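Hi everyone, thanks for coming. Let's have a look at today's structure together.

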Amino acid sequence: MSNVAIVTDSNSGITQKRGRELGIFVLPMPFFIDGELYYEDITLSQEEFYGKLGADSDISTSQPSPASVMELWENVLKDYDEIVCIPMSSGLSSTCSTAMSIAEEYNGRVQVVNNQRISVTQEQSVYDAMTLRSKGVSAAQIRETLEEEKMMASIYITVDTLKYLKKGGRVTPAAAAIGTVLNLKPVLQIQGDKLDAFAKVRGWKAAKKTMLNAVEKDLSGRFRDEKDKMMLGMAYTCSKEEAKEWKREIAERFPGYDIIEAPLSLSVACHIGPRAMAVTCMKRV
């Protein structure tokens with residue numbers, strides 16, 4: 001039986017410490033802040049990031065360099081026969097396509113999963129890969145299974161301020177100004193490989209209700225035949241107290257479901273800002 005390693009990136013929300021506990025490898029995402037290079041959870045903590053975000057620092061995301069990807073893979077392959085690499089969605093970053101190109105040099109020993117997930121849905125893919133590995137499934141078969149299930153997930157996100165969406169060009173300055181005056185909260189969705197607008201409502205209460213209604217519709221509609229295999233997730237850039245309350249609201253609306261949680265990755269946070277909340281539903285392999 002092949003000895004399979006699992007590699008992901010910090011967009012999964014899995015920290016370096018958690019990665020060591022799970023026995024997996026987490027590639028940190030790089031950021032440029034005021035021209036200086038930082039690595040998520042290595043030289044840049046959540047607290048430091050939000051401090052710089054609040055100070056209106058110039059923050060831009062980047063993808064891991066090919067050299068850093070290869071260095072990690074080479075070290076891992078000293079102890080493992082194969083690698084399953086689970087990067088963030090190919091629709092949100094070129095990280096996945098770069099990894100797939102690099103993997104061509106490894107003669108099948110590295111299988112890059114293009115399953116178009118991020119945050120807690122990407123985290124669940126890691127757990128699914130671990131489950132399949134424990135059953136003796138090869139790296140190639142794990143990749144095939146995860147890619148077959150890639151559309152079995154939804155993410156809904158609402159933001160506290162339109163400032164960062166405006167900064168990233170996702171809303172116009174005029175729309176952001178009007179939205180701020182009217183207390184409009186956009187609800188965004190990730191279905192597969194794109195971050196799209198889903199709804200526009202007034203206030204937090206309506207935004208939360210809209211997201212929970214959307215999940216309920218998914219569970220009773222497109223996922224109804226897999227309902228017993230579905231689980232929920234939540235992610236956030238808000239405080240831990242607010243996150244705890246959000247999790248309680250989700251659990252009350254959907255009793256009996258397992259809920260995994262994590263802070264949203266900094267790559268997402270820099271585009272949506274602090275105090276954002278997300279809810280997800282996804283199939284467990």
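A quick definition to begin: a residue is buried at under 20% relative accessible area, exposed at over 50% and partly exposed in between, using a 1.4 Å probe and protein chains only. By that count, 52% of the 285 residues of the protein are buried. Please keep in mind that this is a predicted model, where local features need pLDDT of at least 70, side-chain atom pairs count only at pLDDT 80 or more, and totals for chains, interfaces and linings use all residues. Residues are numbered from 1 along each chain as its sequence is written, and side-chain values use heavy atoms, with hydrogens and water left out.

Now the overall picture. The protein has eleven helices and 13 strands, taken as DSSP runs numbered from the N terminus: H or I of at least four residues for helices, E of at least two for strands. Its C-alpha trace spans about 60 × 50 × 30 Å along the principal axes. If we take contact as heavy atoms within 4.5 Å, then among contacts between residues at least 6 apart in sequence, 75% join residues at least 24 apart.

Let's zoom in on two helices. Helix α9, residues 203-220, packs against helix α10, residues 240-253, with the axes 11 Å apart and at an angle of about 40°. Those axes are lines fitted to C-alpha atoms over the stretch in contact, and angles run from 0 to 180 degrees between N-to-C directions.

And who meets whom? From α9 come Lys 208, Met 211, Leu 212, Asn 213 and Glu 216, and from α10 come Trp 246, Glu 249, Ile 250 and Arg 253.
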